[in-house]
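Here is a short note for a colleague who is new to this model. Please read it with the structure open.

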Amino acid sequence: TMEYAGIRGTALFYFGDQGEPFKVVIPRYREMSDEEPTDWMAEIKEMDEVDGIRIPVKVEASWLLEEGKFTWYIFEVYDVSFN
């Protein structure tokens, strides 16, 4: 849980046996009119090494709804540059 300028946010991070992250779950409001937040999840589906640094290169973003997981976006990294 972090707080900045009076705004508080909480996330639950999951790590595998080798210490690499594999998902994060965050309670978020899907719509401005929602009374309660819904769990939103980002699952790392693929990691790769770029310039000696392991980074997620494929991530699925999903809402965890009562009727099941709804994946609404898939992020894929094709190019990375560090400065």
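**Notes on the charged and nonpolar groups**

1. Start with the acidic surface. E46, D48, E49, D51 and E76 together form a negative surface patch. Keep in mind that the model is predicted. Strand β5, residues 38–50, is the top contributor to this patch, with 3 residues.

2. D51 sits in the loop between β5 and β6, the latter spanning 53–65. D51 is exposed, because its relative accessible area is 67% and the cut-off for exposed is over 50%. E49 belongs to strand β5. With 49% relative accessibility, E49 counts as partly exposed.

3. E49 also gives a sense of distance. How far apart are the C-alpha atoms of E49 and E66? They are separated by 36 Å, while the two residues are 17 apart along the chain.

4. Next, a surface patch of another kind. F70, W72, Y73 and F75 make a nonpolar surface patch of about 420 Å². F70 is in strand β7, residues 68–76. At 44% relative accessibility, F70 is classed as partly exposed.

5. Which residues make up the largest nonpolar core? The set is V24, W40, A42, V59, A61, W63 and L65, 7 residues in all. β5 and β6 are the elements that give two or more residues to this core. β6 gives the most, with 4 residues.

6. How many salt bridges does the structure hold? There are 3. One of them pairs E20 with R54, side chain to side chain, at 2.5 Å from N to O. E20 lies in the loop between β3 (12–15) and β4 (21–28), and R54 lies in strand β6, so this pair ties together parts that are 34 residues apart in sequence.

7. Are the partners of that bridge buried or exposed? E20 is partly exposed, at a relative accessible area of 28%. R54 is partly exposed too, with a value of 40%.

8. Turn to E43. The side chain of E43 meets that of K45 in a salt bridge, 3.8 Å from N to O. E43 is buried, because its relative accessible area is 15% and buried means under 20%. K45 has 43% relative accessibility and counts as partly exposed.

9. E43 has another partner. K69 forms a salt bridge with E43, and their closest N and O atoms are 2.9 Å apart. Why does this pair link separate stretches of the chain? K69 lies in strand β7 and E43 in strand β5, so the bridge ties together parts that are 26 residues apart in sequence. K69 is partly exposed, at 44% relative accessibility. Through shared partners, salt bridges join E43, K45 and K69 into one network.

10. To look back, follow strand β5 through the points above. β5 gives the most residues to the negative patch. E43, in strand β5, is bridged to K69 in strand β7. Strand β7 also holds F70, one of the residues of the nonpolar surface patch. Strand β6 gives the most to the core and carries R54, the partner of E20.

Technical notes: Residues numbered from 1 in each chain as written. Predicted model: local features only at pLDDT ≥ 70, side-chain atom pairs only at ≥ 80, totals over all residues. Heavy atoms only, no water. Patch = residues over 30% accessible without salt bridge, like charges linked within 9 Å, V, L, I, M, F, W, Y side chains within 5 Å. Areas by Shrake-Rupley, 256 points an atom, 1.4 Å probe, with all protein chains shown as cover. Salt bridge = Lys/Arg side-chain N within 4 Å of Asp/Glu carboxyl O. Lys, Arg positive; Asp, Glu negative; His and termini not counted. Charge placed at Lys NZ, Arg CZ, Asp CG, Glu CD. Buried < 20%, exposed > 50% of the residue type's maximum accessible area, 1.4 Å probe, protein only. Core = buried A, V, L, I, M, F, W, Y, C linked by side-chain atoms within 4.5 Å.
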